[in-house]
Amino acid sequence: MTVFDVAVWKDGKVRMLDQRLLPTEERYLEFTSAAGVAEAIRAMVVRGAPAIGCAAAFGVAVEAFRLADSGTPASWPEAMAEGMRLLRQARPTAVNLGWALDRLEPLLAGDPVDLPQRLLREAEAIRTEDIASCRAMGKAGAAILPAPPSGRPLTIMTHCNAGALATAGYGTALGVIRAARERFGEVRVFATETRPFWQGARLTAWELERDGFEVTLITDSMSGHAMSRGLIDAVVVGADRVAANGDAANKIGTYGHAVLARRHGIPFLVACPLSTIDFKTPTGLEIPIEERPADEVTHVRGLRIAAEGVKVFNPAFDVTPAELVTALVTERGVVHAPDAIRMRAALKA
Ligand code: MRU
C-alpha cells in the first residue's frame, strides 16, 4: 500500500501532500507556523477528519519551535493561544481538529524549557495511534461485511475520500475495504465523484487504483441506479463527527446514499475512530455544518459552469440519522444499529 506524507513532521517543519493538485500533480508543501497550517487546513491542502487532527497537532508543535527560535519567551503564552485559536477555527465540522488541540492544550501549562519537544511527541503519538485505529477498525468492519454474491467479487460503494489520504495512513472506510480484500481475496469499489470538491474522483479513485483495486467511478447521482441494479453489496463511508446518538456527519451527499441503501436493503457502514465521536453533541442537529465558498459550486478548476449572480448553497457536510446506519465501526469494535444507549455502552470510556 502506498504511504503518503499526508501530514508529517520532517526536518523541523510540517510537511503535507497538497491534495488540491491530485491526481495530476504530487507536490509537497512545508509549513513553519500554526497560522500556515491553519490556512492549509481551511484551503484543504490537507482534508479528512483524522488527517486534519494530525495536521493541527503538528501545527501546534511547529508554532512552539518557531517561538522558541524567536527567543522572546515572555510573549509565548499569548502567541501559542493565538496559534491554537487559528487552528481551532480552521474548519468547524470535523471534531478531530478540536479533539487533537484539546489533547495538546494541557501540555502548554508545563515547563516551557522542553515544551516544543513535548508537543511534538504528543503530535507524533496522535499520528501513530490513528494508523493503529484505522487498522483495527478495518479488521472489525471487514468482519461484518456480507459474503460476496456468487459470480462476482464483493462490490462496495464509498463516498468522498476516507482513505490513507484522509488519515495518518490506511484509512477508515478505505481501511475497511482494504481489510475486506485481505478477507475475501478481491473486492471491487464504486467511488462516487463527490461534488463539489471531487474527493471521490480526484482522491479515492486515484488512491485505490494505486493500491491495485478495480475502481468504478460514478457521479453522485448514479448511486440509486447502481443499487437498484444489484451492483452494490455494501456502502462504507467515513465520518467527520458522530453525535452521542449515532447520527453521523460526513461529506455532503452521504445522507442521500444512506436513504437509497436502506431502500434497497444494502448494509450502510460508518467507519471512524473514537476521536471522531463527540459525546458532548447529543444529536446530529447540533453538529455545526461548514459552508464553503460559492465558487466551489459555480466553478470547476477555475472554469465557470453557472451563470454569474446565481445564489449558491454549499454545505460541505450532511448528517445521516443513526437509524439509517447499519453499523458504526470503530477501533473499539462495532456498534450495530447505533443509538444513544448502545453508543454509550460500547464506546464511552
Ligand atoms: O471536506 P473533506 O474532504 O475534509 O471531507 C472529508 C470527509 O467527509 C471524510 O469522509 C471524513 O472526513 C472521514 S475521513 C477518514
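The side chain of Arg-103 forms a salt bridge with that of Glu-129, with an N to O distance of 2.8 Å. This pair connects distant parts of the chain, with Arg-103 in helix α4 (residues 95-104) and Glu-129 in helix α5 (residues 115-143), 26 residues apart. Glu-129 is likewise partly exposed, with a relative accessible area of 38%. A salt bridge is defined as a side-chain nitrogen of Lys or Arg within 4 Å of a carboxyl oxygen of Asp or Glu, and 24 salt bridges are found by this rule. Helices (H or I, at least four residues) and strands (E, at least two) are DSSP runs, numbered from the N terminus.

A salt bridge also joins Arg-178 and Asp-211, whose closest N and O atoms are 2.7 Å apart. Because Arg-178 belongs to helix α6 (residues 173-184) and Asp-211 to the loop between α7 (199-210) and β6 (214-218), this pair ties together parts 33 residues apart in sequence. Both Arg-178 and Asp-211 are buried. In the salt bridge between Asp-339 and Arg-342, the closest N and O atoms are 3.3 Å apart. Asp-339 is partly exposed at 27% relative accessible area, and Arg-342 is partly exposed at 42% relative accessibility.

## Basis of the values

Residues are numbered from 1 along each chain as its sequence is written. For this predicted model, local features need pLDDT of at least 70 and side-chain atom pairs count only at pLDDT 80 or more, while totals for chains, interfaces and linings use all residues; side-chain values use heavy atoms, with hydrogens and water left out.

## The annotated active site

The unreviewed UniProt entry places the feature "active site" at Asp-240. UniProt positions follow the numbering used here, feature names are shortened, and annotations may be inferred rather than shown by experiment. Asp-240 lies in the loop between β7 (234-237) and β8 (241-243) and is buried, with a relative accessible area of 8%. Leaving out residues up to four places away in sequence, Asp-240 is in contact (heavy atoms within 4.5 Å) with Ala-49, Thr-93, Ala-94, Val-95, Asn-96, Ala-249, Asn-250, Lys-251, Thr-276 and Phe-317.

Under "binding site", the unreviewed UniProt entry lists Arg-47, Gly-48, Ala-49, Arg-91, Gln-199, Asn-250 and Lys-251. From this set, Arg-47, Gly-48, Ala-49, Arg-91, Gln-199, Asn-250 and Lys-251 belong to the lining of the largest cavity. A cavity is a set of points, on a 1 Å grid over the protein atoms alone, where a 1.4 Å probe fits but cannot get out; lining residues have an atom within 4 Å of a point.

Gly-48 sits in the loop between α1 (34-43) and α2 (49-70) and is buried at 11% relative accessibility. Ala-49 is placed in helix α2 and is buried at 3% relative accessibility. Apart from neighbours within four places in sequence, Ala-49 touches Ala-94, Asn-96, Ala-166, Ala-239 and Asp-240.

Strands are taken to pair if DSSP finds at least two bridges between them. β7 and β10 run parallel and are joined by 3 bridges, with Val-235 having Phe-268 in β10 as its bridge partner. β10 also pairs in the parallel sense with strand β15 (residues 327-330) over 3 bridges, and Val-270 stands opposite Leu-328 in β15.

## Pro-293

Pro-293 is located in the loop between β11 (277-278) and α10 (295-298) and is partly exposed at 41% relative accessibility. The C-alpha atom of Pro-293 is separated by 7.0 Å from that of Asn-314, 21 residues apart along the chain.

## Domains

The domain assignment gives domain 1 (7-132) and domain 2 (139-347); such bounds come from an automatic or database domain assignment. The C-alpha centres of domain 1 and domain 2 are 26 Å apart. Their contact takes 27 residues from domain 1 and 31 residues from domain 2.

Technical notes: Buried < 20%, exposed > 50% of the residue type's maximum accessible area, 1.4 Å probe, protein only. 1 Å grid on protein atoms, 1.4 Å probe; cavity = no way out; pocket = protein on both sides within 12 Å on 5 of 7 lines; lining within 4 Å.
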